[in-house]
Structure formats: structure tokens, C-alpha cells
Amino acid sequence: MGISINEDIPRSSESQSSMRALELRAYDGRPESLAVVEKSVPRPRAGEVLVRISASPVNPSDLAFLQGLYGVKKDLPVVPGFEASGRVMEAGGGFLARALVGKRVACAAPTDGDGTWAEYMVTQASLCIPLIKEITDEQGASAIVNPLSAWAMMNMAKQARARAVVQTAAASALGQMIEGLGRRFNIPVINIVRRAEQVDLLRSKGAQHVLDSSALDFDERLRERCVELDATMGFDAVAGELTGRILIAMQGGARVIVYGALSGEGCLVDPRSLIFEGKRVEGFWLSKWLRSQNIIKMLRTTRRVQKLLASDLRTEIRARLSLEEASEGIRQYTEHMTGGKILFIPSLRKDEGKGVRIDH
């Protein structure tokens, strides 16, 4: 029999547990394909937990999912959202699940069920990370996708003994985390952005090497910087022609790791870079990386990452919105991804979200 804190789960007039959730009706990328609906609160099975969601961010991976372009495509209708913070209210059975009951956690959505854009979610206990007391629910909501991606990729650089790395989309939340970890690990980061104001933003935060890809001399300056710093690894969130431009700029034997496709295009690479210079293009998917990690090692890593969330890996929050305001929030984020995170707060109602701080 599972353990639960059922008094915190709302009951309808018919004594049946219900919740509000955002439901996706079509994989067309239109915010209008999302609707707020009433659903039954799900119940966890063995190895699963029920999480009352405190906050859930919008990430680039969520935008790809809404268009049916992500690595996971679920049967419709479905609740989107890949990560959140919350409190474990019930366990379906199993030692790990029972140990989490009552705890605040950062959690990831299951690959075969509803996600985090709802008042409640059922997920595997192994996809929950207990939050340390220093981490607010706001920061905890983004404690998995970006921080762990940044940590994993910069650890690749450390293991490869890279003297410097290059990254695209450097003004994004994830990009700023990679820059912060570069300073911590003493690995210089060559940051590529696409607007002059993003150059100013990163330099104001201490970044030393920032290049604007829209500048006429961008390729020349990138090559000079790569040679000067001996950059042998790149992290690319954009794809398209930028992948090949980075690869050409780096020295022989360099690697570009593609983890996103913000351009919406395939990677354009000069085959001579691959054939004659021994350069490589690889992919990185956090979900696959997480599955490859030892549980004990993963717990140690997540604890270290959480301690950095207040400094190098801190996430800037732009807006806190109710589920009813989700369509507008997605529009805002799509138009300006580097302006800070959009958080959905299921406990809020429309027009209550602006400037609200989450209780924790």
C-alpha cells in the first residue's frame, strides 16, 4: 500500500479528485492548440510518485515538443512540460518512492504520460531530485534540463582535456550556465550570439570572449579566437550553417556537439572538415545521458549542481503566469528566449501571476 498526504489533494463536489491542466490537442506549434481542462488527479503505481506542481518553466525542448519535433512524441491529447518543482504527495510503492513522500523535489516528466504543465503529475521516483533547503521552488523548477545539460557538456570538455570551447546561443539560460561553469572549471568559453545587445549582456556578466555572428568579420574573428585559445570542442544549440562555420574555425580533430536546432534547419557541414581534418559532429540528448548515469553518482552530481544554482547556474525569471495565461507566455518566450524564464504556476489564477513570488 502506498503512502500519501491525501488531505492536500483537492476534492470535487462528487468526492473525486480533480485538477486543472494544460492539454495539447495538435502538434502544430500554435499556442491556441493548448487548452486548460479539468482532469482526474492521477494515481501512482509501483515505483511512481504523485507530485503537486509548484512551478514549471518553458524550455526550447517544450517548443519543439509542441510542434511534434522533439525526440519523444506522445499520443494526443496530452499534458506537455518536461520539468518542474513540487512536493511529493503520494507514493505508489517502492523504497525510493516512499522515501520521497512529503519532500520538495525537482522532477522530470515520464516519457509515456502527461507532463508538468498541470496541478499534479505522476512520474517515476527515479526522475525526482530532492531539493536542498537553499533552493527556492522558482530555481528548483529549472534545476534539471539546463543545469544538468551544462554540467554534462562541460564535464565532456574536462574529460577531453579541452583547453577552450565554443558555444552558440550563448545568451540563453543554458548558454550563460556553460559560460559560468567555464570560469569555474578554468576552461575559456568562446560565446557566439546573434545581436549586439546580447554581446553587451554577456560582457556585463563577466564573459571575456563574445562574438556576434551577424558581424561581417565574424568567421575571421572566430577562427582567430579558436586558434589563440586552442578550442577543440563546440556546443551547438542552433544547427544550420552555423555548425559548419564553427567546425571550420576550429583546429583539426575538433568536435562539435549539437544539442539543439533553434534554426529549424539541418546541420550544414563541409565534408572536407570531416574527411581531411578528422573533425566530428555528434549529438547530445540529456534524457539519454541521464539514463546512462549511476544512481549514486547522479545524486552526488545533482547535489553539487544545486549548490551552484545560487551562483553560476542561477536562472533568471521573467514572468510567473497561470495556466490560463500559457498561450501568451509561450508567445513571449518564443519571441525573446534570452529575456529570462517564463514559469507556469498552477496554483495561480489568471492575472494573479504578474510579479508573484512562489511560496516554498
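Mentor: Alanine 239 is buried, with a relative accessible area of 3%, where buried means under 20% relative accessible area, exposed over 50% and partly exposed in between, computed with a 1.4 Å probe on protein chains only. This is a predicted model, in which local features need pLDDT of at least 70 and side-chain atom pairs count only at pLDDT 80 or more, whereas totals for chains, interfaces and linings use all residues. Residues are numbered from 1 along each chain as its sequence is written, and side-chain values use heavy atoms, with hydrogens and water left out.

Alanine 239 sits in the loop between β11 (231–236) and α8 (241–249); helices (H or I, at least four residues) and strands (E, at least two) are DSSP runs, numbered from the N terminus. Although alanine 239 is not a glycine, its phi is positive, at about 65 degrees. Asparagine 186 likewise has a positive phi in a residue other than glycine, near 60 degrees, and belongs to the loop between α5 and β9 (189–193); with a relative accessibility of 67%, asparagine 186 counts as exposed. A further backbone feature is the cis peptide bond from leucine 76 to proline 77, with omega near -5 degrees, and proline 77 is placed in the loop between α1 and β4.

A pair of aromatic rings is described by the distance of the centres and the angle of the planes. Searching the whole structure gives six aromatic pairs, counted for rings of Phe, Tyr and Trp (its six-membered ring) with centres within 6.5 Å, and called stacked for planes under 30 degrees apart, edge-to-face for over 60 and tilted for the rest. In one of them, phenylalanine 65 and phenylalanine 82 have ring centres 5.5 Å apart and planes at 75 degrees, which means that the pair is edge-to-face. Phenylalanine 65 lies in helix α1 (residues 60–66) and phenylalanine 82 in the loop between α1 and β4 (83–91), 17 residues apart, and the pair thus links distant parts of the chain. Both phenylalanine 65 and phenylalanine 82 are buried, and ring pairs join Tyr27, Phe65, Tyr70, Phe82 and Trp285 into a cluster.

Another edge-to-face pair is formed by tryptophan 117 and phenylalanine 344, at 5.0 Å centre to centre and 80 degrees between the planes. Because tryptophan 117 lies in the loop between β5 (104–108) and β6 (120–124) and phenylalanine 344 in strand β15 (residues 341–344), the pair ties together parts that are 227 residues apart in sequence. Tryptophan 117 is buried, with a relative accessible area of 1%, and phenylalanine 344, at 1% relative accessibility, also counts as buried.

Charges over rings come next. A charge sits over a ring if NZ of Lys or CZ of Arg is within 6 Å of the ring centre and within 35 degrees of the ring normal. Arginine 291 lies over the face of tryptophan 285, 5.7 Å from the ring centre, and the charged end of lysine 158 sits over the ring of phenylalanine 185, at 4.5 Å from its centre. Lysine 158 is in helix α4 and is partly exposed at 41% relative accessibility; leaving aside its neighbours within four places in sequence, lysine 158 contacts Phe185 and Ile187, where contact means heavy atoms within 4.5 Å.

The axes of helix α4 (residues 145–159) and helix α5 (residues 173–185) come within 9 Å and cross at roughly 40 degrees; axes are lines fitted to C-alpha atoms, for helices over the stretch in contact, and angles run from 0 to 180 degrees between N-to-C directions. The helices α4 and α5 are therefore oblique to each other, given that angles under 35 degrees count as roughly parallel, over 145 as roughly antiparallel, 65 to 115 as roughly perpendicular and the rest as oblique. Among the residues in contact are Trp151 and Lys158 of α4 and Met177 and Phe185 of α5.

Helix α4 also meets helix α11 (residues 295–308), with axes that come within 10 Å and cross at roughly 110 degrees, which makes α4 roughly perpendicular to α11. Here Pro147, Leu148 and Trp151 in α4 meet residues of α11 including Met298 and Val305.
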